[in-house]
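Please look over the sequence and the structure below before reading on.

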Amino acid sequence: NEEMWSDFRQAAEAHRQVRSYIMSWIKPGMTMIDICEKLEDCSRTLIKEDGLNAGLAFPTGCSINHCAAHYTPNAGDPTVLRYDDVCKIDFGTHINGRIIDCAFTITFNPKYDRLLEAVRDATNTGIRSAGIDVRLCDIGEIIQEVMESYEVELDGKTYQVKPVRNLNGHSIGQYRIHSGKTVPIVKGGEATRMEEGDVFAIETFGSTGRGAVHDDMDCSHYMKNFSVGHVPIRLPRAKHLLNVINENFGTLAFCRRWLD
């Protein structure tokens, strides 16, 4: 309905303005905590944060180099952004649970330009290929084809750009960042089709490495299980923590910094 699309448009416009703002000041030498907090302060202002009615949809990802996704600094993290880093900025806004999930990569050294071009082309190809009745496996296949058509030369060595095969795009529901359907970025995925009313994040990850990720580093992102109902909790401190989560985040993702 029109109200739903209006929520999406407003959240998307706030996201667009925050992206533009970030590009005006982010630079080597800044700590990742300062970058995230400055971004989140701007995002909260532009989205007109209002409890669960409007706000941040998930923690700001600022994954660096071989870390592909879902890193946000916990309190006390001293990590500093450097000139030679490849940093993935991934943040979300929402109005009434209608989530905008969008990411982009920041580099300062022009030697990475070709890598960014490959991923941008693959992402835009995936978006153009999306539509009602399109099979998700077909989108994955064309994303891989575009991504792997690129090569990048780094420090005298040539690499084929590979999609990270165990990272994916996904469908998005109201107050639910991953709502069940997976959009692969390599061929051989499920033949599930996109349907009218679906909302998707088309996410592509290009790498000069092996093209696969594994879990590592401290956990920073948390989220209630969307499909689990009431669970009785006896410990007063745990009960208080759950109340804070329910009141501030509901089923949206959050991070340790937001609880400190």
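Is D198 buried, partly exposed or exposed? With a relative accessible area of 29%, D198 is partly exposed. The term has cut-offs: buried means under 20% relative accessible area, exposed means over 50%, and partly exposed lies in between (1.4 Å probe, protein chains only).

Some ground rules come next. This is a predicted model, in which local features need pLDDT of at least 70 and side-chain atom pairs count only at pLDDT 80 or more, while totals for chains, interfaces and linings use all residues. Residues are numbered from 1 along each chain as its sequence is written, and side-chain values use heavy atoms, with hydrogens and water left out.

D198 forms a salt bridge with K181, and the closest N and O atoms are 2.8 Å apart. A salt bridge here is a side-chain nitrogen of Lys or Arg within 4 Å of a carboxyl oxygen of Asp or Glu. K181 sits in the loop between strand 7 and strand 8, D198 in the loop between strand 8 and strand 9, and 17 residues separate them. Strands (E, at least two residues) and helices (H or I, at least four) are DSSP runs, numbered from the N terminus.

K181 also forms a salt bridge with E195, again with the closest N and O atoms 2.8 Å apart. E195 lies in the loop between strand 8 (182–183) and strand 9 (200–201), and K181 in the loop between strand 7 (169–171) and strand 8, so this pair ties together parts that are 14 residues apart in sequence. K181 counts as buried at 18% relative accessibility, whereas E195 is partly exposed at 48%. D198, for its part, is partly exposed at 29%. Salt bridges that share partners join K181, E195 and D198 into one network.

A search of the whole structure finds 10 salt bridges. One of them is between the side chains of K111 and D155, at 3.3 Å from N to O. K111 is in the loop between strand 3 and helix 3 (113–129), and D155 is in the loop between strand 4 (151–154) and strand 5 (157–160), so the pair ties together parts that are 44 residues apart in sequence. K111 is partly exposed, with a relative accessible area of 25%, and D155 is exposed, at 68%.

Strand 5 also holds Y159. Y159 counts as partly exposed at 24% relative accessibility. Apart from neighbours within four places in sequence, Y159 is in contact (heavy atoms within 4.5 Å) with Y150, E151, V152, L154 and T208.

Now take the protein as a whole. The domain assignment, which is automatic or from a database, gives domain 1 (1–108) and domain 2 (109–215). Their contact takes 19 residues from domain 1 and 18 residues from domain 2. The C-alpha centres of the two domains lie 20 Å apart.

What is the area buried between domain 1 and domain 2? It is about 1,500 Å², and carbon and sulfur atoms give 62% of it. Buried area is the accessible area (1.4 Å probe) that two parts lose on being put together, summed over both. The count of salt bridges between domain 1 and domain 2 is zero. On the side of domain 1 that touches domain 2, strand 2 (86–95) and strand 3 (98–107) are the elements that give two or more residues. Strand 3 gives the most, with five residues.
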